Amino acid sequence: MSNPGTLEAPLTQTSAPARPASPPAHEAGQEAPANWAGIASLALGVFSLVTAEFLPASLLTAIATDLHVSDGAAGQAVTATAIVGAVAAPSIPLLTRNIDRKRVVLMLSLLLLISNILAVTAPSLPVLLVARVLLGVALGGFWSMAAALAMRLVPERLFARAMSLILTGVSVATVCAAPIGAYMGNLWGWRSAFVAAGVVSLVAIAIQWIAIPRLPPKDHPSLKVLAELLGRTDVRVALLAVLLVVSGHFAGFTYIRPLMEQITHMSVATISAVLLGYGVGGFFGNFAGGFIAERSERYAIVAGGTLIALLAASLWVAGSSPVVAAIAITLWGFAFGAFPVGFQTWIVRAAPDHAEGAGGLLVAAFQVAIASGAIGGGVLVDHVGALGGPIFAVVTITLGTLLTLRYGPRGGGGGAAVAGNAHF
């Protein structure tokens, strides 16, 4: 995700109904002040990660031309990040469980910086793929720890506000990354966009070094917890829905620039404007998705999935029209905003007693879905043309939306339901 906006609620060891563990700063009834500088540093880290993740979509044809590969092959820069991120999300908390969390954050941010440097200097596709592998490690590890870190930086009563600030990093990156990447790529070449991303990641490291205090390891995640979660029906259904819906979205989004160039015949300036519209749509879609998910996460996902399936179908049928393409792509960004908050709410309700572990599985599922979409969309793009992405999206998003409509959670927003244990 790529997905890209999924954040994990903190791990608790109590049985349902569960409540988040109190931050360590709460001692003997005293409340330590919120570390908003630390929260802001996490938001900047998220912004730099999501920016680097999204850049290939806006630079795909330029990358392919410069490295002398096909558009589908260049799209595997997205696949590499997603596959590694899927493994890193549940693995990093396990492998670093005895290391101070500040050190872990700094190491992950350093990997992001190295990834951007390698991308800038990459002479070939294999080197670029190595850069994207490092990004995948940083991305998966950072997302798997973000919520737990926030819980330790602010009092419990301010946790939701802190997470909203961190999510702002995702929203701003969604708005900025694609159009600015396309604009810079046109002016100074695609590598210039990764130079800018590297500068942002360097600033994030500096602020994290200053703002985040020492955070000795507290939780002790294990493989046993992950195995137990996968035994729950609600968790498995949610993960399958993620695989279907998110893979369809990224099959369409990853190869949207070839469609605008080869089918719609837009200029680079127009492409940048449309991608900006996609980002702005996503920014407001995050708020709309949150509004619906507060009432029903099932309806949020179904509404977003239905709209994207219709929009992908319109690109399939009438993608040669600049007006249709511009409107469809902008509304696509808006509709996608329902997915992160909808799936996050679903997975936390399915596993209120092991929310961080379930969140790690959700991040992994998002990354596998991103990889599946990039691979499947790439195969279709190379064999049937630029409309292959929307075709893939229509099929898989429709299936995922129907699955959610039939098996998604029926309870209202707010409370945490006890997960079932029947086999799916």
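1. R191 and D66 form a salt bridge, with their closest N and O atoms 2.9 Å apart; the term here means a side-chain nitrogen of Lys or Arg within 4 Å of a carboxyl oxygen of Asp or Glu. The model is predicted: local features need pLDDT of at least 70, side-chain atom pairs count only at pLDDT 80 or more, and totals for chains, interfaces and linings use all residues. Residues are numbered from 1 along each chain as its sequence is written, and side-chain values use heavy atoms, with hydrogens and water left out.

2. The R191–D66 pair links distant parts of the chain, 125 residues apart: R191 is in helix 7 (residues 190-211) and D66 in helix 1 (residues 36-67). Helices (H or I, at least four residues) and strands (E, at least two) are DSSP runs numbered from the N terminus. R191 is partly exposed at a relative accessible area of 24%, and D66 is also partly exposed, at 33%. Buried stands for under 20% relative accessible area, exposed for over 50%, and partly exposed for what lies in between (1.4 Å probe, protein chains only).

3. The salt-bridge count under this rule is four. Another of them joins D100 to R214, where the closest N and O atoms are 3.8 Å apart. D100 lies in the loop between helix 3 (76-95) and helix 4 (101-121), and R214 in the loop between helix 7 and helix 8 (223-230), so this pair ties together parts that are 114 residues apart in sequence. D100 is buried, with a relative accessible area of 11%, whereas R214 is exposed at 69%.

4. A further salt bridge pairs E261 with R257, at 3.0 Å between the closest N and O atoms. Both residues lie in helix 10 (residues 256-262), four residues apart, about one turn of the helix. An α-helix has 3.6 residues a turn, so residues three or four places apart point the same way. R257 is buried, with a relative accessible area of 6%, while E261 is partly exposed at 23%.

5. Helix 3 has 20 residues and reaches 27 Å from its first C-alpha to its last, close to the expected 28 Å; the expected span is 1.5 Å times one less than the number of residues. Helix 3 also bends by about 40° at A88, and a proline, P90, follows within four residues. The bend at a residue is the angle between axes fitted to the seven residues ending there and the seven starting there. Helix 3 is mostly covered, with 14 of its 20 residues buried.

6. Two backbone entries deserve a note. H68 has a positive phi of about 60° although it is not a glycine. H68 sits in the loop between helix 1 and helix 2 (71-74) and is exposed, with a relative accessible area of 73%. H265, likewise not a glycine, has a positive phi of about 60°. The place of H265 is the loop between helix 10 and helix 11 (268-295), and H265 is exposed at a relative accessible area of 61%.

7. P340 belongs to helix 14 (residues 338-350) and counts as buried at 8% relative accessibility. The C-alpha atoms of P340 and I301 are separated by 8.9 Å, the two residues being 39 residues apart along the chain.
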